[in-house]
Amino acid sequence: NWGRVLAAAGRAGVCFRTELVDLDLGAVRVVRRGAAASYRQEEAAQRLAGPAVVVTLDLNAGSEGATVWTCDLTKDYVRINAAYHT
C-alpha cells in the first residue's frame, strides 16, 4: 500500500512537495510525481514476493540521500495491509 509510505514520509517532519514525489517498490514505479503510476499489478506482486524489496522514495528535491534497513513484519501485519490497495 504505497499510500502508507507517503503518509509516513509526510509525518517525518521533513517538508516536501507531494506533487514531486516518485516511489518505486522493487523495480516497479507505483507513484510518479505524487500520483498513482500506471503499472501491472501482477508484475508488482511478483517482484514484491521475493525475500528482499528495495523501496525508493525520491522527493525530487535535491541530491542528498539516506538508506534505512528494516526487517520482516509479522504475517498478520502484512495480511491486514495487503487486503486493500491505495
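Residues are numbered from 1 along each chain as its sequence is written. In this predicted model, local features need pLDDT of at least 70, side-chain atom pairs count only at pLDDT 80 or more, and totals for chains, interfaces and linings use all residues, while side-chain values use heavy atoms, without hydrogens and water.

**Exercise 1. Find the order of the strands in the sheet.**

Step 1: Helices (H or I, at least four residues) and strands (E, at least two) are DSSP runs, numbered from the N terminus. Two strands pair if DSSP finds at least two bridges between them.

Step 2: Read the order. Four strands form an open sheet, β3-β2-β1-β4, with antiparallel pairing.

Step 3: Find the edges. These are β3 (35-36) and β4 (55-58), and each pairs on one side only.

**Exercise 2. Count the bridges in each strand pair, and name a residue pair from each.**

Step 1: Take β2 (residues 28-32) with β3. Two bridges join them in the antiparallel sense. Arginine 32 has alanine 35 of β3 as its bridge partner.

Step 2: Take β1 with β2. They run antiparallel and share three bridges. Aspartate 24 stands opposite arginine 29 in β2.

Step 3: Take β1 with β4. This antiparallel pair has four bridges. Leucine 23 is partnered by leucine 57 in β4.

**Exercise 3. Locate the residues with positive phi.**

Step 1: Start with the hairpin of β1 and β2. Two residues lie between the strands, and glycine 26 takes a positive phi near 65 degrees.

Step 2: Go on to the hairpin of β2 and β3. Here, too, two residues lie between the strands. Arginine 33 in the turn has a positive phi of about 55 degrees, in a residue other than glycine. Its relative accessible area is 44%, so arginine 33 is partly exposed.

Step 3: Look beyond β4. Asparagine 60, in the loop between β4 and α3, has a phi near 50 degrees, again positive in a residue other than glycine. Asparagine 60 counts as partly exposed because its relative accessibility is 27%.

**Exercise 4. Describe the surroundings of glycine 34.**

Step 1: Glycine 34 is in the loop between β2 and β3. Its relative accessibility is 26%, so glycine 34 is partly exposed.

Step 2: List its contacts (heavy atoms within 4.5 Å). Leaving aside neighbours within four places in sequence, glycine 34 touches Thr18, Glu19 and Val21.

Step 3: Glycine 34 and arginine 17 are 17 residues apart in sequence and 8.4 Å apart in space, C-alpha to C-alpha.

**Exercise 5. Describe the largest pocket and its lining.**

Step 1: Define it. On a 1 Å grid over the protein atoms alone, a pocket is an open set of points where a 1.4 Å probe fits, with protein on both sides within 12 Å along at least five of seven lines. Lining residues have an atom within 4 Å of a point.

Step 2: Describe the lining. It has 50 residues, and Val5, Leu25, Val53, Val55 and Thr70 lie nearest the pocket's centre.

Step 3: Name the elements. Those giving two or more residues to the lining are α1, β1, α2 (41-48), β4 and α3 (75-82).

Terms used
Grid points are joined across faces, edges and corners, and a volume is the space filled by probe spheres set on the points. Buried means under 20% relative accessible area, exposed over 50%, partly exposed in between (1.4 Å probe, protein chains only).
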